[in-house]
Protein chains: 2
Amino acid sequence: MPINPVDPRPPSQQIADDVRAEIEAGRIPSGGRLPSTSELAARYGVTRETIRQAIARLKSAGIVSSRQGSGVFARPRPAMKRLGINRYAKSLWRDTGIVAFAADREASSRTWSPGDQTQTVSEVAADPQVAEAFGVEPGTRMYERARLVAEQGVPTHTLTSYYRPSDVEGTRLVDAAPGPAGRGGGFAVLTEQGLEPHEIQEDLTARMPTPREVQTLRLPPGEPIVELHRTTYTADGRVIEFARGVHSASHFTWSYKFKIPE
Amino acid sequence: MPINPVDPRPPSQQIADDVRAEIEAGRIPSGGRLPSTSELAARYGVTRETIRQAIARLKSAGIVSSRQGSGVFARPRPAMKRLGINRYAKSLWRDTGIVAFAADREASSRTWSPGDQTQTVSEVAADPQVAEAFGVEPGTRMYERARLVAEQGVPTHTLTSYYRPSDVEGTRLVDAAPGPAGRGGGFAVLTEQGLEPHEIQEDLTARMPTPREVQTLRLPPGEPIVELHRTTYTADGRVIEFARGVHSASHFTWSYKFKIPE
DNA sequence: TAGTGGTCTAGACCACTTC
DNA sequence: AAGTGGTCTAGACCACTAA
């Protein structure tokens, strides 16, 4: 469809909408390459720069991504992993040594290698959020366990857990060894310490990523993130873990099923 | 900070990062106006067009928004409304006639006027998602109740519910009257029909909005949306409502608390 | 090496807001 | 009327990829 000079939308917007329609109609397949910017410029009778503006709009919308020297491609939608509360089921980590982390992988029937997770443990001062979760003063020393989780080499999310030093000191949780908390997972370790997880609160919010998050998760333009806050309690209401996750939005769905309260 | 020619980041990126830092440090207050593009151009020794590129980056990141003829402004972060499962509590709609919808408003201690919600009811053919939720054939006739919810005149989300015609035919739910389902809310009506809601499943996913969603929710550039799917069951497992919500991400946090399953 | 996307400039015109 | 952001052009150069 050529440019319509009567159309109130500027040419770059018309072109963007046009290309978007091509993609959504499947005429440009998912993952397929768009015509080169020069060709589009000739086709629509505008400058290459105008085409770039149109492409820029589509990038912000998460529709396409570009590789310099190679082309502009319709962004394929990755398979979504569904995160339900059963990923925390006690049977998964109580005796078996399987952990929620690995259970997620198995549920999605994709191969998993331990190298998909990198982990660093350090002692840090509690920021206000962490402090509030534990009910301590900001600045209190805490253990921080930061993980970057990848799927087939593609980073999908970060997950940073905080623990009271007195709860985890001397356990394998605070070893710097990579993998799911040494072995057995954080919940198993806490259980061994007499602090069995019993209840979880999860808070979710979505936003655009910071430049730093773009870098560590290698996010394409137009990819939002979901920030997850997880607070874990024992049966008597004691907070034993607070975790912050940053998830590449297009890889996940969260699913909760609950009885309607009185 | 002037442009650094050795820096690998292109000038427009350096400027964007620079301005972002100004905002995050509070030197440009939330809601405040940035210097004009001409002034920034002079300050950094680049063209206005380059400044526009820098601003474009910040817009995609949801950091600023611009009003033609007026200026570019640091986007204020709206107060977040926390959505917990108590917004569905039976006590809120069973006898009182208050509905989850209105209860949300009260919990957030903001004034609410019925005009904040517009509603249209129609009969439609089930799309695949709706069909799957109810376990019927795609194309089956269903009632659709579409609502656009606003907060102080600002649209915050849409919510479109689907019902089996046999469940709601002849009730005030299918009146085209505006407001929360006439009066009493959808859950109250279903209860009167002998179909008391008992369990809910919510699925959440975040993504960038479609052009259509941008229009109806009047979303600024760089604002992601959260798509919420809600399926409501009776005590014997019958699906009585399926709803799809599209929420402007920066207005909401979802909060779930649950016991860790065995 | 040829082709791709990424960036920038200098200048122009337009649409909108504010005074 | 003056100032603001929005868009487009024509041309140039650069960085990267693939043959």
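**How two protein chains meet a DNA strand**

Q: What makes the approach of A:Arg48 to a base nitrogen of DNA strand C a polar contact?
A: In this predicted model, a polar side-chain atom of A:Arg48 lies 2.9 Å from a base nitrogen of DNA strand C. A polar contact is a pair of N or O atoms within 3.5 Å (within protein, one must be able to donate a hydrogen and the other to accept it, and residues adjacent in sequence count only if both atoms are side-chain atoms), so this pair qualifies.

Residues are numbered from 1 along each chain as its sequence is written, and chains are lettered from A. Local features need pLDDT of at least 70, side-chain atom pairs count only at pLDDT 80 or more, totals for chains, interfaces and linings use all residues, and hydrogens and water are left out of side-chain values.

Q: Which part of DNA strand C does A:Lys59 approach?
A: A phosphate oxygen, which is 3.0 Å from a polar side-chain atom of A:Lys59.

Q: What does A:Gly69 bring to DNA strand C?
A: A polar backbone atom, 3.1 Å from a base nitrogen.

Q: Which residues come nearest to DNA strand C?
A: Among the 23 around it (those with a heavy atom within 4 Å), they are A:Arg52, A:Ser66, A:Gln68, B:Pro11 and B:Thr50.
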